[in-house]
Amino acid sequence: MTDTNEAGARIEADRVAIDCLDVRIIDLLAERARISARIQQSRMHSGGPRMVFSREMDILSRYQDGLGADGTQIAMNVLKLCRGEAL
């Protein structure tokens, strides 16, 4: 196999791995949204607010710590998704 063929095969295998990761990420985000909706409902039924901003700040910080500056934007989109808002 030539270097070009080997590189092409590696690229294809890595793309398959990325596609599998994307499926898992989507599944995890859907699960997170379902759990978040349960928490929101429980909080509102007990007279609390739908969102707790101090909790959201903790989440923003966690994503920034783990992913750097881009983590904040990712966290904001995750929170928006899990609030039931369209991205």
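Q: Which residues lie nearest the centre of the largest pocket?
A: A pocket is found on a 1 Å grid over the protein atoms alone, as an open set of points where a 1.4 Å probe fits, with protein on both sides within 12 Å along at least five of seven lines; lining residues have an atom within 4 Å of a point. Here, 15 residues line the largest pocket, and Arg-32, Ser-36, Ile-39, Arg-55 and Ile-59 lie nearest its centre. Keep in mind that this is a predicted model: local features need pLDDT of at least 70, side-chain atom pairs count only at pLDDT 80 or more, and totals for chains, interfaces and linings use all residues. Residues are numbered from 1 along each chain as its sequence is written, and side-chain values use heavy atoms, leaving out hydrogens and water.

Q: Which element gives the most to that lining?
A: Helices are DSSP runs (H or I, at least four residues), numbered from the N terminus. H1 gives the most to the lining of the largest pocket, six residues.

Q: Is Gln-40 buried or exposed?
A: Buried means under 20% relative accessible area, and exposed means over 50% (1.4 Å probe, protein chains only). Gln-40, which lies in helix H1 (residues 3-45), has 8%, so Gln-40 is buried.

Q: What is Gln-40 in contact with, beyond its neighbours within four places in sequence?
A: Contact means heavy atoms within 4.5 Å. For Gln-40, the partners are Arg-50, Cys-82 and Arg-83.

Notes
Helix = DSSP H or I, 4+ residues; strand = E, 2+ residues; numbered from the N terminus.
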